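Welcome, and thanks for taking a look at this one with us. Please have the sequence and the 3D view open as you read the short briefing below.

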Amino acid sequence: MNIIVHRLTSVSSTNDAALRMAADDVPEGTVVVAREQTSGRGRLGRAWASPPGDGLYLSIILRPSIAFDCVWQIAFVAAVAAAKAVRRVSGLIPGIKWPNDLLLNGRKVGGILVEARPDAEALVVVVGIGLNVGNTAFPPEIAETATSITLESGRPVSVEQAEDVLVASFEKVYSAYLREGFGLLLAEWREFDCTAGRQVSVVSGGADVKGTAEGVDDSGSLLVRTVDGVVSVSAGEVVMRE
Ligand code: BTN
């Protein structure tokens with residue numbers, strides 16, 4: 001994969017910019033990085049606070065030869081790549097909270113938003129990754145739950161350094177996934193899984209599934225042991241209950 005980075009000062013969302021560029025036939029490996037997003041987007045319709053300064057906001061355009069119903073695997077690829085990058089720059093072991101939140105010491109340090117479009121010729125996938133790199137303060141609504149690489153590690157990591165390590169990590173993990181398949185990638189994802197064995201509450205499509213998380217199955221669904229048996233959850237938000 002040939003990486004070509006486009007740097008923007010300010011954009012609504014790097015995912016939006018990447019989806020627009022993808023429609024203009026830019027090649028796989030095109031990366032859009034912005035210093036600031038004015039409408040950064042998160043999973044489940046949420047906003048992603050993206051002020052200029054100490055956050056990394058980037059999107060990577062992919063054109064994988066996979067079926068549309070395997071696109072969810074790319075989010076797992078991105079989570080492993082981002083976890084390895086955070087481990088490298090912070091010297092700490094991050095956790096992945098299903099499906100792809102990145103945590104340091106139980107607080108959210110990064111998030112991933114994968115969006116896909118079946119194109120006329122091929123599938124286009126945009127992988128958006130947001131990382132809190134040098135942030136020392138957050139908006140009140142996430143102040144209790146968010147953290148940054150610098151806050152947890154005490155290391156003065158720059159956004160540029162985090163970007164370089166993240167892009168290199170993504171390239172490596174994505175190539176290995178294309179070469180070796182999803183099995184190996186899922187094994188790596190499980191090593192970072194910080195949800196397994198925990199008491200969780202998963203809000204999914206209006207239902208609230210409570211129980212013990214038992215890891216993910218081969219289709220990426222979260223398995224939760226409830227009083228009524230094991231429930232498989234394919235989308236939603238996990239809250240750890242202890
Ligand atoms: C989440 O945890 O809800 C996912 C957050 C994803 C944020 C990134 S920042 C770069 C890219 N552009 C966006 O608008 N969102 C993603």
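Which residue in β11 does L222 stand opposite? L222 stands opposite V233. Keep in mind that this is a predicted model.

- Five strands form an open sheet, with antiparallel pairing and the order β11-β10-β9-β8-β12.
- The edge positions belong to β11 (229–233) and β12 (237–240); each has a single partner strand, so one side of each is left without a neighbour in the sheet.
- From one strand to the next, the twist averages 45°.
- Strand β10 (residues 222–226) is joined to β11 by five bridges, and the two run antiparallel. This is where L222 faces V233 in β11.
- As a friendly reminder, strands of a sheet pair through backbone hydrogen bonds, either parallel or antiparallel.

**The helix pair**

- Helix α2 (residues 72–90) and helix α4 (residues 159–180) have axes that come within 8 Å and cross at roughly 135°. That angle makes α2 oblique to α4.
- The crossing in which α2 passes α4 is right-handed.
- On the α2 side, the contact with α4 is made by Q73, I74, V77, A78, V80, A81, A82, K84, A85, R88 and V89. These meet V165, L166, S169, F170, V173, Y174 and Y177 in α4.

Conventions: Residues are numbered from 1 along each chain as its sequence is written. This is a predicted model: local features need pLDDT of at least 70, side-chain atom pairs count only at pLDDT 80 or more; totals for chains, interfaces and linings use all residues. Side-chain values use heavy atoms; hydrogens and water are left out. Two strands pair if DSSP finds at least two bridges between them. Helices (H or I, at least four residues) and strands (E, at least two) are DSSP runs, numbered from the N terminus. Axes are lines fitted to C-alpha atoms, for helices over the stretch in contact, and angles run from 0 to 180 degrees between N-to-C directions. Angles under 35 degrees count as roughly parallel, over 145 as roughly antiparallel, 65 to 115 as roughly perpendicular and the rest as oblique. A crossing is left-handed if the near helix is turned anticlockwise from the far one by less than a right angle, and right-handed if clockwise. Contact means heavy atoms within 4.5 Å.
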